[in-house]
Amino acid sequence: NPRKRLREKMLDFTVIGLGAFYVFPSCASFIGRVRPDGRKLESDEDFVMHLLDVESLAVLHGAAYGVSPFFRISFATSMEVLEEGAHRLRRAVSMLD
């Protein structure tokens, strides 16, 4: 099951909205933390921009779907790509103070 494997590869995120090809993990525990460039994460949009900036990881902020502070991950791709994305996600959040 791709959803289960994706969750196992990610950090211990709370997930809502299991759709056919996506999940909405929570990024609430990262709001208020500080990026390596000194900027404070104030929202789920800031969180997804951090992922994009430091790891070129493109996900969508939950506010766009009315579910803040979550972010949307599509798993309509290969397991190899999902595993790489999970690795980048872990690396990006490890950079936060």
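Visitor: Is Phe30 buried or exposed?

Guide: This is a predicted model, in which local features need pLDDT of at least 70, side-chain atom pairs count only at pLDDT 80 or more, and totals for chains, interfaces and linings use all residues. Residues are numbered from 1 along each chain as its sequence is written, and side-chain values use heavy atoms, with hydrogens and water left out. Buried means under 20% relative accessible area, exposed over 50% and partly exposed in between (1.4 Å probe, protein chains only). Phe30 has 7% relative accessibility, so Phe30 counts as buried.

Visitor: How many aromatic pairs does a search of the whole structure find?

Guide: Rings of Phe, Tyr and Trp (its six-membered ring) pair if their centres lie within 6.5 Å; planes under 30 degrees apart count as stacked, over 60 as edge-to-face and the rest as tilted. By this rule, the number of aromatic pairs found in the whole structure is 4.

Visitor: What kind of pair do the rings of Phe30 and Phe47 form?

Guide: Phe30 lies in the loop between strand 2 (22-25) and helix 2 (44-55), and Phe47 in helix 2, so their pair ties together parts 17 residues apart in sequence. Helices (H or I, at least four residues) and strands (E, at least two) are DSSP runs, numbered from the N terminus. The ring centres are 5.4 Å apart and the planes are at 15 degrees, so the pair is stacked.

Visitor: Which residue forms a tilted aromatic pair with Phe47?

Guide: At 0% relative accessibility, Phe47 counts as buried. The tilted pair has 5.1 Å centre to centre and 55 degrees between the planes, and the partner of Phe47 is Phe71.
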